[in-house]
Amino acid sequence: MKYLDEFNDPKLARRLLDEIRATATRPWALMEVCGGQTHSIIRHGIDQLLPDEVELIHGPGCPVCVTPLECIDKALEIAARPDVIFCSFGDMLRVPGTDRDLFRVKGEGGDVRVVYSPLDALQLARRHPDKQVVFFAIGFETTAPANAMAVHQAKRLGLGNFTLLVSHVRVPPAIEAIMTAPACRVQGFLAAGHVCSVMGMAEYPELAERHRVPVVVTGFEPLDILEGIRRTVGQLERGEHRVENAYARAVRADGNPAAIRMIEEVFEVTDRNWRGIGRIPGSGWRLSEAYRGFDAEHRFDVTGIRTEEPAECRAGEVLQGLVKPTECAAFGTTCTPRTPLGATMVSSEGACAAYYLYRRMSEPALPRKEMNPVG
């Protein structure tokens, strides 16, 4: 299959690994931002094939995982209402709120439906004018254009029974938060290729320059990831901190201008809470004033939400790259995909789920390596 089989070639993978080994002379810690990259890394054992000098830190790049608990609880409260058809992508149904999930609400009689696009939810609103149809709009920059288009169409059609429950987050402010955290060990980033395919790379050079870290836009297949690592390690060894595009078959410097225009029309930048991390300034989108009437939080006036995370769950530390999933005592015991404590065990892009799925149930404890200042 074009652009798939070619990027799984074991001979080319070995060649890239040899180049990384030959290049890395000192310990370096790199973060892959995207949960899809994390999944591919664990599935193919890329982190175990790398030389000891190169450590991969899993970042908060799973949109399901970082959706804040208070937003999940708001979704549960809205979905339980008798006049609501609540629509979501399937991976959100198992994400635990404070005391239940959307599957539980559905089992208790709530009209919760899995859809494959926000436009599916829009069609439900047209077919059921007597119901309030709510779409759970989560995700990074990649899902924002489709969600913006759904609201744009709803306004054009005059659909007064369609709303979005919005929990969109943006990657560049998250990188800023990671780099300014006191415990940060990250020295280079593998940027999410699909995010850059939408938004382009304009926000990254300033981040790379200010924090003196290389940022390499990277794809998702094994050779994509190894090439991203090779380029990042090469920059670190040379004392460079540039933005490189290692995913040119999908990413242009200016991204997708039509998608960006749609996002800018419908959404506006806001501060956003990230589950397990906290509030990151300017890290999210909300519906702009012109589209505020399609905001489910405003329409349903969801207030008085009190949240509580399980004390034994360390998903927040996993999302910040402070610990690996296997360092959590609940991992694989009280916390499994069937009985998840946190969102990182639910989503297919969550680090905990990836470790569990590919039987990475334990790893030898490795001493923290001394990091070299970049540049």
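Contact here means heavy atoms within 4.5 Å. Helices (H or I, at least four residues) and strands (E, at least two) are DSSP runs, numbered from the N terminus. This is a predicted model: local features need pLDDT of at least 70, side-chain atom pairs count only at pLDDT 80 or more, and totals for chains, interfaces and linings use all residues. Residues are numbered from 1 along each chain as its sequence is written, and side-chain values use heavy atoms, with hydrogens and water left out.

Which elements do the buried residues of α7 pack against? They pack against β3 (84–88), β4, β5 (132–139), α8 (144–157) and β6. Buried means under 20% relative accessible area, exposed means over 50%, and partly exposed lies in between (1.4 Å probe, protein chains only). The buried residues of α7 are Pro-118, Ala-121, Leu-122, Leu-124 and Ala-125. Seen down the axis of α7, they fall within an arc of 155 degrees, so they line one face of the helix. The arc is that of the directions from the helix axis to the C-beta atoms. An α-helix has 3.6 residues a turn, so residues three or four places apart point the same way.

Ser-117 caps the N-terminal end of α7. A side-chain oxygen of Ser-117 lies 3.0 Å from the backbone nitrogen of Leu-119. The term polar contact covers a pair of N or O atoms within 3.5 Å; within protein, one must be able to donate a hydrogen and the other to accept it, and residues adjacent in sequence count only if both atoms are side-chain atoms.

Val-115 lies in the loop between β4 (111–114) and α7 (118–127). Is Val-115 buried or exposed? Val-115 counts as buried, because its relative accessibility is 6%.

Leaving aside neighbours within four places in sequence, Val-115 is in contact with Cys-87, Ser-88, Phe-89, Asp-120, Ala-121, Leu-124 and Phe-135. Two of these partners, Ala-121 and Leu-124, are among the buried residues of α7. Phe-135 is 20 residues from Val-115 along the chain, and their C-alpha atoms are separated by 9.0 Å.

Helix α11 spans residues 204–211. Its buried residues are Tyr-204, Leu-207, Ala-208 and His-211. Seen down the axis of α11, these residues fall within an arc of 95 degrees, so they line one face of the helix. Their cover includes α9 (171–180), α10 (193–199), β8 (215–218) and β9 (243–245).

Arg-212 follows α11 and lies in the loop between α11 and β8. Its phi is near 55 degrees, a positive value in a residue other than glycine. Arg-212 is partly exposed, with a relative accessible area of 34%.

## Two further loop residues

Asp-301 lies in the loop between α14 and α15. Phi of Asp-301 is near 50 degrees, a positive value in a residue other than glycine. Asp-301 is exposed, with a relative accessible area of 54%.

Thr-336 is found in the loop between α15 and α16 (351–357). At 11% relative accessibility, Thr-336 counts as buried. Not counting residues up to four places away in sequence, Thr-336 touches Met-345 and Tyr-356.

## The second largest pocket

On a 1 Å grid over the protein atoms alone, a cavity is a set of points where a 1.4 Å probe fits but cannot get out, and a pocket is an open set with protein on both sides within 12 Å along at least five of seven lines; lining residues have an atom within 4 Å of a point. Grid points are joined across faces, edges and corners, and a volume is the space filled by probe spheres set on the points.

The second largest pocket holds about 300 Å³ of space. Of its 17 lining residues, the closest to the centre are Lys-74, Val-166, Asp-271, Arg-272 and Glu-297. At least two lining residues each come from α5 (69–79), β6 (162–169), β10 (267–274), β11 (278–287) and α14 (296–300). The largest share, 4 residues, comes from β10. By class, the lining has 4 nonpolar, 4 polar and 9 charged residues. Ala, Val, Leu, Ile, Met, Phe, Trp, Tyr, Cys and Pro count as nonpolar, Asp, Glu, Lys and Arg as charged, and the others, Gly among them, as polar.

## Cavities

How many cavities of 30 Å³ or more does a search of the whole structure find? The search finds 4. The largest cavity has about 70 Å³ of space. Its lining includes Cys-313, Cys-328, Cys-335 and Cys-352, and divides into 10 nonpolar, 1 polar and 1 charged residues.

The second largest cavity has a volume of about 60 Å³. Its lining includes His-58, Cys-62 and Glu-349. The elements that give two or more residues to this lining are α2 (35–44) and α15 (315–319). By class, 5 of the lining residues are nonpolar, 6 polar and 1 charged. Val-318 lines both the largest cavity and the second largest cavity.
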